[in-house]
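Please look through the entry below before reading my comments. They are meant for someone who has not seen it before.

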Amino acid sequence: LGVVNAIDTGVSFKRFLGTGFLIGNRGFALTAAHVARKFDEGTVVAMFACESGGWQGIPVTHSEIHPREDVAAIKLSGDSWK
């Protein structure tokens with residue numbers, strides 16, 4: 001998971017926040033709560049390695065932090081992560 005900035009030519013990677021793990025095939029993932037607490041610092045995307053050797057960023061649209069444990073559920077936009 002990382003923060004990106006929008007620029008005229010697309011997006012630029014700003015900062016790595018942490019890792020996450022996809023759950024099922026509907027765009028849900030888990031990450032650590034301490035990672036999700038950093039989400040308000042910019043546009044957050046899940047980065048996926050492409051077969052072509054590049055990277056694809058999928059925006060995180062929602063997050064829910066567990067009230068007591070260091071875990072958070074996140075939702076990715078679209079369906080290109082399938």
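This is a predicted model: local features need pLDDT of at least 70, side-chain atom pairs count only at pLDDT 80 or more; totals for chains, interfaces and linings use all residues.

1. The chain has 82 residues, and buried residues make up 28% of them. Its accessible surface comes to about 5,500 Å². Carbon and sulfur atoms account for 54% of that surface.

2. The secondary structure consists of 7 strands and 1 helix. In sequence order the pattern is β-β-β-β-α-β-β-β. Of the contacts with a separation of 6 or more, 42% join residues 24 or more positions apart.

3. The largest nonpolar core holds 15 residues. Within this core, Leu-1, Phe-39, Val-60 and Ile-74 touch the most other members. Two or more core residues each come from α1 (33–36), β5 (43–49), β6 (55–65) and β7 (72–76). The largest share, 3 residues, is given by β7.

4. Leu-1 deserves a separate look. Which residues is Leu-1 in contact with, leaving aside its neighbours within four places in sequence? The list includes Arg-15, Phe-16, Leu-17, Gly-18 and Thr-19. It also includes Thr-31, Val-35, Val-45 and Ala-46.

5. Thr-31 lies in strand β4, which covers residues 28–31. Is Thr-31 buried or exposed? Thr-31 counts as buried because its relative accessibility is 5%, and the cut-off for buried is under 20%.

6. The surroundings of Thr-31 come from several parts of the chain. Beyond its neighbours within four places in sequence, Thr-31 is in contact with Leu-1, Thr-19, Gly-20, Ala-36 and Phe-39, among others. Asp-70, Val-71, Ala-72 and Ile-74 are also in contact with Thr-31.

7. A polar atom of the Thr-31 side chain lies 2.6 Å from the backbone oxygen of Thr-19.

8. Last, the aromatic rings. How many aromatic pairs are there? The count comes to 0. A ring does take part in another arrangement: the charged end of Lys-75 sits over the ring of Phe-28, 5.0 Å from the ring centre.

Note on methods:
Residues are numbered from 1 along each chain as its sequence is written. Side-chain values use heavy atoms; hydrogens and water are left out. Helices (H or I, at least four residues) and strands (E, at least two) are DSSP runs, numbered from the N terminus. Buried means under 20% relative accessible area, exposed over 50%, partly exposed in between (1.4 Å probe, protein chains only). Contact means heavy atoms within 4.5 Å. A polar contact is a pair of N or O atoms within 3.5 Å; within protein, one must be able to donate a hydrogen and the other to accept it, and residues adjacent in sequence count only if both atoms are side-chain atoms. Accessible areas come from the Shrake-Rupley method with a 1.4 Å probe; for residues, only the protein chains shown count as cover. Rings of Phe, Tyr and Trp (its six-membered ring) pair if their centres lie within 6.5 Å; planes under 30 degrees apart count as stacked, over 60 as edge-to-face and the rest as tilted. A charge sits over a ring if NZ of Lys or CZ of Arg is within 6 Å of the ring centre and within 35 degrees of the ring normal. A nonpolar core is a set of buried Ala, Val, Leu, Ile, Met, Phe, Trp, Tyr and Cys residues joined through side-chain atoms within 4.5 Å.
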